[in-house]
Amino acid sequence: MKEEGSSRHSISKVQELRTRLEEAEETLDAIRRGEVDGLIVSTPSGEQVYSISGADKPYRALIAEMSEGAVMLSDDDIVLYCNNGFSKMLRRPTETIVGVNIESLVFSTHVKALKELLSSGREGKGAIAKEITLQTRDGILVPTLVSVNTLESDGRTNTFLVVTDLTAHMEEAVKDYTRKLELAQIALSESEQRLKFHAENIPLAVIEWDRNFVVTRWAGGAEKMFGWTAADTIGKQIMDLHIIYESDIPIFEKTMELLAGGKTKNVSSYHSVMKDGKVIFCKWYNSVLLDRDGKIVSVFSFVEDYTARVEAEKALEESNRNLEKLVEDRTKNLELSLENEIRVSRQALLLQDILTHDIPNYNSVSRMSAEMLKEEVSANGPAEMQKLVDILLQGIDGSTMLIERTKKLGIAFAEKSPKLVPVNVLQKVDDAAKLVSNAFKGNQKRIHFKVRIPDQLNSDPLVLADDMLLDVFDNLYSNSTKYTEGPDVEIETVLEEEKGTGDYWKVSVIDHGRGIEDKSRIFLRYFSKSTKGSGLGMSIVYALVVERYGGRMQARDRIEGDYTKGTVVEILLPRAR
């Protein structure tokens with residue numbers, strides 16, 4: 001029995017020694033792996049702590065004492081380690097933080113952001129950061145910037161957080177924001193003052209309403225326009241003022257519905273009633289300020305008194321109606337006049353045919369008889385009788401020439417699109433001079449023609465005209481001859497290029513006759529400065545030059561201010577290119 005007890009004791013002792021040996025080996029392995037920071041050793045003076053120093057000791061101390069928070073998490077987000085900086089942020093001891101889930105230390109609305117941050121960090125996207133708000137036990141919120149990274153060690157992935165307290169930064173930002181807010185309030189106050197100044201001085205009525213259409217501002221020309229003061233209107237609903245004319249109230253209410261429905265601007269017109277009952281017409285320019293929810297903050301209206309313009313438009317409409325009536329009546333009169341003119345024109349054509357066909361036949365017979373009488377009187381009659389026969393022949397010749405000119409004038413007026421060709425103007429001048437010289441041989445007139453042309457004239461001066469251009473100069477030369485007193489007649493013709501565009505040849509016919517006092521009527525039909533002329537010559541010239549050839553002409557005194565010293569007739573004829 002004693003041997004059996006001794007054997008059991010020996011086995012127990014061996015088992016104890018083996019256990020102590022295993023513990024010693026595990027301790028040595030932990031020291032080798034760097035998992036032991038120090039040892040507690042029993043000495044005669046008591047237990048002593050001996051730390052095991054390594055190369056990472058300074059870094060451990062740095063992390064433990066730095067102001068930023070340092071946190072190491074497990075794979076399931078349990079805090080395995082935190083430094084003093086992190087515990088100070090949360091205002092609680094380190095030992096109360098280690099072992100808890102990091103999510104319990106974060107403000108509820110930021111938990112999702114923290115999860116997203118940890119997930120991104122563990123997926124190997126590198127060091128990333130987010131603003132995360134922590135919450136202390138007593139509910140104080142701590143704004144922080146949290147960055148996350150991971151580190152592989154002994155086959156395990158550790159998650160590390162570096163947490164920066166943003167409270168001081170946020171306080172500075174709040175101070176800066178406060179300063180900016182104060183400046184903004186000053187600027188807003190100044191802006192309000194400017195707005196108030198302009199609103200008070202603008203000639204339009206300035207009316208502001210709130211979302212219930214209660215008047216909050218009554219400025220500018222509002223009092224002058226409507227008669228009510230600001231004290232009469234501010235605080236009252238716009239409809240309670242009765243400034244909208246009764247028949248226009250539905251239109252105004254429709255506008256209010258549009259503005260209440262979110263329409264930000266609108267222009268509308270109504271008849272308005274002044275305080276004294278006078279009705280005016282106003283145009284309202286409405287602008288709506290909405291809040292973020294689309295509700296009205298205020299309605300700002302500029303109101304313009306349109307009464308004078310509306311009355312002017314009504315007067316203009318009335319004037320237009322009267323004008324239309326006048327035009328209608330005038331058109332009817334013109335139609336009647338045109339019908340009458342057509343009838344007269346037909347009669348004139350009939351008379352022209354009689355004048356140009358039948359009368360020349362009688363003139364021919366009369367001239368033959370007058371010539372026979374002249375031969376008889378020249379042989380046997382007294383001198384006085386011979387003079388009377390000469391006058392008779394001149395009258396017959398004048399009648400024949402008048403008929404010929406009338407015929408040409410009819411042709412000039414009748415042709416709507418005459419065929420114009422290049423004509424040498426100097427040739428027509430020369431031909432007309434010969435005609436007039438022959439025509440006045442029996443009148444004992446000595447006509448002296450002088451023609452001046454440009455020194456550098458290298459080619460014929462061509463104008464767009466036709467054979468009737470001869471009649472232009474024939475009439476001008478005949479007039480100059482008839483209205484020059486005495487036997488000697490001086491006629492000068494000057495050809496020059498028109499100054500300016502150069503599109504015309506300018507021909508000036510200058511005489512020394514007794515002149516024309518009233519030159520404003522010189523080109524009118526039947527105007528004559530004596531009883532000798534028919535009054536058709538210059539009207540024929542005008543019809544040909546201006547109406548037929550598209551030229552221009554005018555008459556002036558040869559010596560300015562003295563019409564009795566002769567006349568200058570200037571003609572502009574289009575050049576032929």
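**Notebook: salt bridges, cores and rings**

I began with charged pairs and counted 20 salt bridges, taking a salt bridge as a side-chain nitrogen of Lys or Arg within 4 Å of a carboxyl oxygen of Asp or Glu. I note that this is a predicted model, in which local features need pLDDT of at least 70, side-chain atom pairs count only at pLDDT 80 or more, and totals for chains, interfaces and linings use all residues. Residues are numbered from 1 along each chain as its sequence is written, and side-chain values use heavy atoms, with hydrogens and water left out.

I looked up aspartate 466 and found its side chain in a salt bridge with arginine 548, at 2.8 Å from N to O. This pair links distant parts of the chain, since aspartate 466 is in the loop between β15 and α12 while arginine 548 is in helix α13, 82 residues apart; helices (H or I, at least four residues) and strands (E, at least two) are DSSP runs, numbered from the N terminus. Both aspartate 466 and arginine 548 are buried, where buried means under 20% relative accessible area, exposed over 50% and partly exposed in between, with a 1.4 Å probe and protein chains only.

In helix α9 (residues 307-380) I found aspartate 329 and lysine 325, 4 residues apart, or about one turn of the helix, and their closest N and O atoms are 3.0 Å apart in a salt bridge. Aspartate 329 is partly exposed at 28% relative accessibility, and lysine 325 is partly exposed at 45%.

I then turned to the nonpolar cores, each a set of buried Ala, Val, Leu, Ile, Met, Phe, Trp, Tyr and Cys residues joined through side-chain atoms within 4.5 Å. The largest has 36 residues, and Leu469, Phe473, Leu476 and Tyr477 have the most contacts inside it. Another core lies apart from it, with 26 residues that include Trp209 and Phe226.

Where do the aromatic rings pair? I found 11 aromatic pairs in the whole structure, with rings of Phe, Tyr and Trp (its six-membered ring) pairing if their centres lie within 6.5 Å, and planes under 30 degrees apart counted as stacked, over 60 as edge-to-face and the rest as tilted. Phenylalanine 252 and tryptophan 284 make an edge-to-face pair, 5.9 Å from centre to centre with 65° between the planes. Because phenylalanine 252 lies in helix α8 (residues 249-260) and tryptophan 284 in strand β11 (residues 279-290), the pair ties together parts that are 32 residues apart in sequence.
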